[in-house]
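Here is a short tour of a protein model. Keep the sequence and the 3D view open as you read.

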Amino acid sequence: MEGTAVLGRLTWQVAQVTGAKQETPRVRTITLAPPGWPGHRAGQHVDVCLTAEDGYQAERSYSIASAPEQALELTVERLDDGEVSPYLVDELQPGDGLDLRGPIGGYFVWEADDPRPVFLVAGGSGVVPLMAMIRHRSATRSTTPMRLLYSSRTIEDVIYRAELDDVAAARNGVEVTQTLTRAQPEGWTGYARRIDPDMLREVAWPPTEKPAVYVCGATLFVQAVTEGLVGLGYDPLTVRTERYGGIGG
Amino acid sequence: MMLDGNAIGGMMLELFGREMTMVVSTCRSCGATGPLASVDVYMKAPGVVVRCRTCESVLMKIVRSPKRVWLDIDGIRMMQMEA
């Protein structure tokens, strides 16, 4: 009974896959219908568990991409030597079941009633939980100003490319700035280098605006961005980070 | 493979019965404080090793078998959380 009580707070369940959408050659969004879903907050994640025929289990965390107002969606990047992500990106099909538990996390979360302007910084698949925040802003008709600075290797690697173009074109308070670090298409007007202190100074709110800051990506990326922001005068305690993009499998 | 404390949010929720990533821990070794969300987490060890981001001391070790869990929090001097 004791075990049941503890697990009751966070129970594994089988969610049915109701849709799948290829975002880039390496990234796919999976729509899920967990039977008992308490709802989530923008920025939270779920744990996914795969069990092999011999009983071997592998658990990984994946950020929720959808707003709390939408069906549960995970966006997953395939890591070629990963144990879980290749299955989620290449094998899993609508109608299949997936073991998951969640939602999880209280730190890397944005609430639509937070009055501060928001600065979002993403490296690669680190954009996923930040997209949940942008979508939550839109779903709640929030007028909170947001800026997204998003770094990808090439234009083909940009996740949610069309949706981000729409968000930027709507000009209703979300500014999207992109940088492509490896190759740029002809006529590219965004940045073409890794995020550095100069770029942060140009794109970020001044620290005097006291923005909420969320940075998500691979460890070295997050470290560089955080150091850059602190160098600009940001209080490190106001910079919320999630380091995982590009690792973990 | 280095992650951060967000990645073990589910495991900690399972062990402690509450959301833990917002809990502020104090490192026994160097005294650094910060939310458990921002500690360094190594998952490839036989178990999970949690280290201080400032001094790299081991804060916490978690080893699981199908029937038991071993949780060593010797490297944490204090945890503060909302009541």
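Start with a strand pair. In S3(B), Thr33(B) is the bridge partner of Thr26(B). This model is predicted.

**Chain B as a whole**

What does chain B contain? It has one helix and eight strands. From the N terminus on, the order of elements is β-α-β-β-β-β-β-β-β. The radius of gyration of chain B is 12 Å, close to the 12 Å from the globule rule for 83 residues, so chain B is as compact as a globular protein of that length. Along the principal axes, the C-alpha atoms of chain B fill a box of roughly 35 × 30 × 20 Å. Of the 83 residues of chain B, 40% count as buried. Now take the contacts in chain B between residues at least 6 apart in sequence: 45% of them join residues at least 24 apart.

**The helix of chain B**

Is H1(B) mostly covered or mostly uncovered? It is mostly covered, with six of its eight residues buried. They are Gly9(B), Gly10(B), Met11(B), Met12(B), Leu13(B) and Glu14(B). After H1(B) comes Gly17(B), which has a positive phi, near 75°.

**The sheet of six strands in chain A**

Now move to chain A. Strands of a sheet pair through backbone hydrogen bonds, either parallel or antiparallel. One open sheet of chain A has six strands in the order S4-S3-S6-S1-S2-S5, with antiparallel pairing. Strand S4 (57–63) and strand S5 (72–77) of chain A stand at its edges, each with a single partner strand, so one side of each is left without a neighbour in the sheet. Neighbouring strands of this sheet are turned by 40° against each other on average, direction ignored.

Look at one pair inside this sheet. Strand S3 (residues 45–51) and strand S6 (residues 97–104) of chain A run antiparallel and are joined by four bridges. Within that pair, Val48(A) stands opposite Leu100(A) in S6(A). Helix H1 (residues 9–16) of chain B packs on this sheet and touches S3, S4 and S6 of chain A. The direction of H1(B) makes about 75° with that of S6(A).

Glu59(A) has its place in strand S4 of chain A. It is partly exposed, with 19 other C-beta atoms within 10 Å. Leaving aside neighbours within four places in sequence, Glu59(A) is in contact with Asp47(A), Val48(A) and Cys49(A). Glu59(A) and Ala183(A) are 124 residues apart in sequence and 34 Å apart in space, C-alpha to C-alpha.

**Where the chains meet**

How many residues does each chain give to the contact? Chain A gives 20 residues and chain B gives 17 residues. On the side of chain A that touches chain B, S3, S6 and strand S11 (239–243) of chain A each supply at least two residues. The residues on this side of chain A divide into seven nonpolar, eight polar and five charged.

**A covered strand in chain A**

Five of its five residues are buried, so S11(A) is largely enclosed by the rest of the structure. Both faces are covered: Val239(A), Thr241(A) and Arg243(A) are buried on one side, and Arg240(A) and Glu242(A) on the other. Strand S10 (residues 212–217) of chain A runs parallel to S11(A), and five bridges join them. Here Tyr214(A) stands opposite Arg240(A) in S11(A). From S10(A) the chain crosses through helix H6 (residues 219–231) of chain A to S11(A), and this β-α-β crossover is right-handed.

| Strand pair | Bridges | Direction |
|---|---|---|
| S3(A) and S6(A) | four bridges | antiparallel |
| S10(A) and S11(A) | five bridges | parallel |

Note on methods
Residues are numbered from 1 along each chain as its sequence is written. Chains are lettered from A and ligands numbered from 1 in the order in which they are written. This is a predicted model: local features need pLDDT of at least 70, side-chain atom pairs count only at pLDDT 80 or more; totals for chains, interfaces and linings use all residues. The radius of gyration is taken over C-alpha atoms; the globule rule is 2.2 Å times the number of residues to the power 0.38. A residue is buried if 20 or more other C-beta atoms lie within 10 Å of its own, exposed if 12 or fewer, and partly exposed in between; C-beta atoms are placed from the backbone. Two residues are in contact if their C-beta atoms, placed from the backbone, lie within 7 Å. Two strands pair if DSSP finds at least two bridges between them. Axes are lines fitted to C-alpha atoms, for helices over the stretch in contact, and angles run from 0 to 180 degrees between N-to-C directions. Ala, Val, Leu, Ile, Met, Phe, Trp, Tyr, Cys and Pro count as nonpolar, Asp, Glu, Lys and Arg as charged, and the others, Gly among them, as polar. A crossover is right-handed if, with the strands pointing away from the viewer, the path from the first strand over the helix to the second runs clockwise.
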